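Me: I would like a close look at a single part of this model. Please keep to one element and what surrounds it.

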Amino acid sequence: MENTLNNTTAQQGHAVGAMVPRPHVIKRVRRDTKDTFTIELVGAENPTGMFFSPGQFNMLYAFGAGEIPVSISGDPTKTKRLIHTVRVVGPVTRALRVLKAGDTIGVRGPYGTPWPVEKAEGSDVVLVAGGIGLAAIRPALYYLLANRNKYGKIALLYGTRTPADILYRSELESWRGRFDLEVDVTVDRGDSSWWGNVGVVPMLIPRAQFDPLSAVAMMCGPEIMMRFSVMALRKQGLTTDNIYVSMERNMKCAIGLCGHCQYGGRFVCKDGPVFAFDSIVDLFNKREI
Amino acid sequence: MPDDSTHGGGEHFILDGKALPDLVQSIINAGYWLIGPAVRDGAIIYDEIKSCSDLPRSMTDTQEAGTYRLQQRSDQAWFGFNTCAQSLKPFLYPPTATVCRATREKQGYSITGPTSDTTKMAFLGVRPCDLGAVLIHDRVLADGEYADESYISRRENTLLIAVNCTEAGNTCFCASMEAGPKASQGFDLAMTEIIENDDHYFVVEIGSQKGRSVVSTLSLASATKEQVLQADRRIRPAAEQMGRSLDTSGIRDVLVRNIDNVYWDSVGRRCLSCGNCTLVCPTCFCSTVQDVTDLTGAEAERIRRWDSCFNLEFSHIHGGSVRHSPKARYRQWITHKLAFWHDQFGTSGCVGCGRCITWCPVGIDITAEAHAIREHDLQAAPVKEKTEV
C-alpha cells in the first residue's frame, strides 16, 4: 500500500460553514487511564472518513457544552475511523467522557500544520512526548512505521507522571518489542510495580540512538518539558531547524479568526500547532507570550 | 474584499448644505438602512438616521485621555464632531452572533449554520479612521485563508459615505497612522463639509458606481477645480491639529525586541484590564464562543461574542492562563496592534482614532506607551533625537 499524505489544509479555502461542526457517530469508547479515553468516530455524512496529516487536530463539539481542539491520534493511512484521545480537564471534556457508542459528536477539521514526516525522509527521527502529547505524536509514528524503509533510526522517548498514567500501554509494549524502533519510557514518580526509568523526559535524550547531524526531532508535551528537551537535543548536536514542536494555546475557532491562539505574530491554529523550533526560538523562552 | 471603488482622483460634485436631506432621502429610497452620527446618552455614536434632524448639527466633542464631553458649536456644521464614541464595528461585526444551532433528533443531532444577513446598510459621516478600520477588517475577516461569511455578506451590502475631517480632536492621531484626515480609498462617496460666511456646502467625491447611483438622482453641479482645492485646504489643518502623534518608524521591531523590557511593569501597574480599549477599538476582532441550551436540552446554540485579550480567561489553557499578569495582557494588546498585525495582515492594526485613549478609565495612552518603549529601548542607537509626543 502506498502511504501518501493528503494535504487537507490547503484544500479547505473558504469552506462554507467553516464554523459549523459536522455530526459524527461514536463507534467505540476506550478508557485509557483514569483521566484519558479514546473515541473512534465515523462521519454521519462522509463514510470514506477524514484524510488528515499527522500532527493535525480537529475541533470536537459536545452538544450544548462547547468545542475544544484535540489532536488526531489515529493512523493517517486508516481513515475510516477518526480516532481521538482526550484528557478530561474541563467542562467540554467531561461532557465528552460520558458519551457512549452510538452517541453523536460534532467535528470540524482537520486543521493545522503537520509533523515534517516527508522532510525527515532519509534521516533518523527522534519523537519526544510528554503526557497526553503522545496522542499527537502517535500518527507520526504510525506513518514512519508504515514507511519504515524511508527512514534511519527511529526513537520514541516518552514520559508521564506515574506508571498508571502511561497511555497506549500495550501498544508501547509491542513497539518496544520491535528491532527497528527504540522506545524509552520514564515516569516522574515510580511505584512498587515499576522497574523502569524514573525522571524527566530530557534525561532520555543523551542515551537515545540517533545521528545528531542528520536527525529530525518532533516533540509534543508541556512547554517546560519541550524547553529542556530542546536544550538536551541541542547539546547532542541537533540544530534548531531540525527540531519541531507542537504548541498549545487557547483556541475557539481554529481558523485564525478568534485571535485566542496568538503566539507573537503566529496563530497556533493555522500557522501551527507544529512549528520548526527556529521559527519561534525568539519567543519560546519568554514568559506569558 | 471585492468592490468597485476607485482609489482617489474620482469625480467631484457640489452638494448644497440645504440639500443634505435630499441625499439622506435618496439613500433611504435606495433601500438602505441608514446609519450615521447621532447624539445618544451624552455622546455622539453611529446609530439609525431617519432624517437629517437625527444628525448632531452644531454639536462637537472634546476628548482627552479618560474624558469625553459634548459641546455646542457656534456654526451650523452637520458633521462638526471629531470621532463617534463607537466605530462601525458593532454594525459590520456585531458583538454577538449565532455561529450554529444543534437540534436533537431521534438519533443524535443535526447542526445548522446561521442564515446570512442581507440587510443593506448605508453609513453616512464615516470618519476616515473608521473607514480605514473597515478596510483592515476586510483583510482580517474576509481576505484570509478562512473567512467570516456573515461579515462578507454584510460588507457586500454596505454603502460607505465618508466625511473628511477638517478639524481634529485631542486624542486623534490618524495622520501618524496614514489613515486620515482625508479618506483616500474604500469609500463609495467622500464628502468635505465647507462653511464660509453664508455659504454651506459639501464637496462630494465619487468613489464607486454604487456611490454614483445614490447621488445621480440629485442632479448635482460639478465641482470646480478651485472648490476641490478648497476642500483639500480645509482638510490639511486637521492633520496639524491632532492632539497626539505616534512615531511609526520601525515600530514593529522596536516593540518585538523589547518584549522583555522592564518598562511593561509600569503600564501593568496602571492598567485595570477592563478591556474598554478593545471594545472601542475599531479593529480589535477577537471573539469567544458561548454555548447555550434551552431548558429541555433539545436545542443548543453556539454564540460568538466579542472577547478581549485583557480577560484572564482569554489565554486559558489547562494549568492556567498563559498571560496572567496585566502587564503581559497590555503588552499583548499593543504589540499585536502595532507590531504583529504587520506580520499577520500586512498592515498596522491601528488607525489612530484615539478611542482607546479617550475611553481608558485611567487614561493610558497608546501613543505615550509606544513612545516610552522607544525611550527605554534596550537596543536603541546611543545618540538619538527625542521625538516629542
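Reply: R101(B) has T112(B) as its bridge partner in strand 7 of chain B, and E301(B) as its bridge partner in strand 14 of chain B. Strands here are DSSP runs of E with at least two residues, and helices are runs of H or I with at least four, both numbered from the N terminus. This is a predicted model, in which local features need pLDDT of at least 70, side-chain atom pairs count only at pLDDT 80 or more, and totals for chains, interfaces and linings use all residues. Residues are numbered from 1 along each chain as its sequence is written, while chains are lettered from A and ligands numbered from 1 in the order in which they are written.

Strand 6 pairs with strand 14 (residues 299-306) of chain B in the antiparallel sense, over seven bridges; pairing requires at least two DSSP bridges between the strands. Its pairing with strand 7 of chain B is also antiparallel, over four bridges. Four residues lie between strands 6 and 7 in their hairpin, where G108(B) has a positive phi near 70°.

The contact between chain B and chain A takes 39 residues from chain B and 32 residues from chain A, contact meaning C-beta atoms, placed from the backbone, within 7 Å. On the chain B side, strand 6 and strand 7 (109-112) are among the elements that each supply at least two residues, as is helix 10 (326-345).

Note on methods
Contact = placed C-beta atoms within 7 Å.
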